[in-house]
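Look at the fold below before reading on. The text takes one chain briefly and then walks through the other.

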Amino acid sequence: MNADELLVGGRAPAARHLLSIADLDRDGILEIMRLSDAFAEVSERPIPKVPALRGRTVATVFMEPSTRTRLSFETAAKRLSADTMTFTAASSSTVKGESLRDTVETIDAMGIDAMVIRHHSSGAPLMVTHWIKASVINGGDGTHEHPTQALLDCYTILETLAARRGGEAPADLKGLRIAIVGDIKHSRVARSNVLAFSALGAEVLLVAPPTLMPASLEGWPVNATGDLDSTLGELDVIYLLRIQSERLGEVLLPSLEEYHWRYGLTRERAAALKKDALVMHPGPMIRGVEISPEVADMPASLVTRQVRNGVLVRMAVLFHLLGSGEI
Amino acid sequence: MRIAHEIVERNRGLSDVAVVGLQTGGVPLAERLAAMLEEIEGTAVPLGSIDVAFYRDDIGLRPVLPEEVTDLPFDITGRVVVLVDDVLFTGRTVRAALEALAARGRAGAVQLAVMIDRGHRELPIRPDFVGKNLPTRRDELVEVSEQGVTIGDLVAADDDRGAR
């Protein structure tokens, strides 16, 4: 992008993107955490809205079904006073055969400042950055990454630890042992979280049956095991991933019952956890598969907190990309 | 100290007065002012702080980041809010602060107390209580610390820095 293109409509410097947690280093992640704190205060006001992004437009382009991520981004944009535009694949020209490139170029031409994109192909958001002028935010691409999920997970852990310490937030996640359990192989949430948790100093353990573990973990700062039960007592955080029933058809799992029996967070396994261990899940939860219904409702479960924090962290990301002038 | 007495005099007491510091320079001054007011009148005044980053009019033109989380633990509706900042320069920070306050309720009145008024206003805003008028050049940088006031040259042409 050359210098002339940087000033669109007399405002804003270069379009900046969030495609991967790797786009932020440790300091970048902590900056988002700090901004999220400021937006937590905003969200508790009687009128939970600030004029920071007045006049900006955020488009959400979701080529894959999603309710919470899309609604979370739209709520975040509205609380910043930005206008929002929604594009979902089912109700649009995609069904008429329009290509992704034509779709995003059309939306960009309407004059938007940021595009949140979810796509079933890994790397689609990166392609989109070559085609449009607006900032691109990855809302989940294939089996690649889901960076805002990882940021809200980090925020939720830090916030919970801060509340336990009487309000004093820890500097990072150093000293914590975090297990990510489930379909690691196909999980963009796992990929983003491995990067984010380890960038903040946590020790990450991947737990999955061999069929759901990536072929190679080379270069990942993690340990891996297939045995959940032997690790339970050492975990500070247990992060459960959704088991997609479509994997059954790929012969990667014999049955959901067997998965629940070996890897599901049952009442017995929950009892084997440390007393203060945190239970997290990105949603949507399938009760009776990766988590037992009664465990999902235990106080240790942060699932609804994660959803609430999703809005704050996405406000922080939008403000960071469109407002603060720095990344 | 003189400002504290002026505030008491102007408002005929402190019954409805609250003191709010602007992040970050105004916050320690607001704390000192609140302590002095308590000393003079014998009653504590509500004390808060606000960060105006999300209300600035230069978002997207330069790096704007909140310094601290806003802390306004009382309802401002009907109160006389005394905004406190260290240096009054273009007036843009105060404008943002007025908008931030308005989002929280309808204050009975808003008054402005500043340690230094260095001139160069870009908006029709004037202080009610001034520690000292300090004539400056536009490109100078004014800094208020516990030790006193320093005037330096701006290295980069970043006008707004001096106003914060």
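In what order do the elements of chain B run from the N terminus on? They run α-β-α-β-β-α-β-β-β-β. This is a predicted model, in which local features need pLDDT of at least 70, side-chain atom pairs count only at pLDDT 80 or more, and totals for chains, interfaces and linings use all residues. Residues are numbered from 1 along each chain as its sequence is written, while chains are lettered from A and ligands numbered from 1 in the order in which they are written.

Chain B holds three helices and seven strands. Helices (H or I, at least four residues) and strands (E, at least two) are DSSP runs, numbered from the N terminus. Of its 164 residues, 43% count as buried. Buried means that 20 or more other C-beta atoms, placed from the backbone, lie within 10 Å of the residue's own. Take the contacts in chain B between residues at least 6 apart in sequence: 64% of them join residues at least 24 apart. Two residues are in contact if their C-beta atoms, placed from the backbone, lie within 7 Å.

Now chain A. Strands of a sheet pair through backbone hydrogen bonds, either parallel or antiparallel. Here, two strands pair if DSSP finds at least two bridges between them. One open sheet of chain A has four strands in the order E2-E1-E3-E4, with parallel pairing. Strand E2 (83-88) and strand E4 (135-141) of chain A each have a single partner strand, so one side of each is left without a neighbour in the sheet. The twist averages 15 degrees from one strand to the next. Strand E3 (residues 114-119) of chain A runs parallel to E4(A), and five bridges join them. In this pair, A:Ile117 stands opposite A:Asn138 in E4(A).

Two helices lie across this sheet. H3(A) lies across strand E1 (57-62), E2, E3 and E4 of chain A, at about 180 degrees to E1(A). H12(A) lies across E1, E3 and E4 of chain A, at about 150 degrees to E4(A). Angles run from 0 to 180 degrees between N-to-C directions, and axes are lines fitted to C-alpha atoms, for helices over the stretch in contact.

How do these helices, H3 (residues 68-79) and H12 (residues 303-322) of chain A, pack? Their angle is about 55 degrees, with the axes 8 Å apart. That makes H3(A) oblique to H12(A). Oblique covers what is left once angles under 35 degrees count as roughly parallel, over 145 as roughly antiparallel and 65 to 115 as roughly perpendicular. The crossing is right-handed, meaning the near helix is turned clockwise from the far one by less than a right angle. Among the residues in contact are A:Phe73 and A:Ala76 of H3(A) and A:Val311 and A:Leu318 of H12(A). By class, the contact of H3(A) with H12(A) has seven nonpolar, three polar and three charged residues. Ala, Val, Leu, Ile, Met, Phe, Trp, Tyr, Cys and Pro count as nonpolar, Asp, Glu, Lys and Arg as charged, and the others, Gly among them, as polar.

A second sheet of chain A is also open, with five strands in the order E7-E6-E5-E8-E9 and parallel pairing. Neighbouring strands of this sheet are turned by 20 degrees against each other on average, direction ignored. Strand E5 (residues 177-181) and strand E8 (residues 237-240) of chain A pair in the parallel sense over four bridges. A:Ile178 stands opposite A:Val237 in E8(A).

Technical notes. A residue is buried if 20 or more other C-beta atoms lie within 10 Å of its own, exposed if 12 or fewer, and partly exposed in between; C-beta atoms are placed from the backbone.
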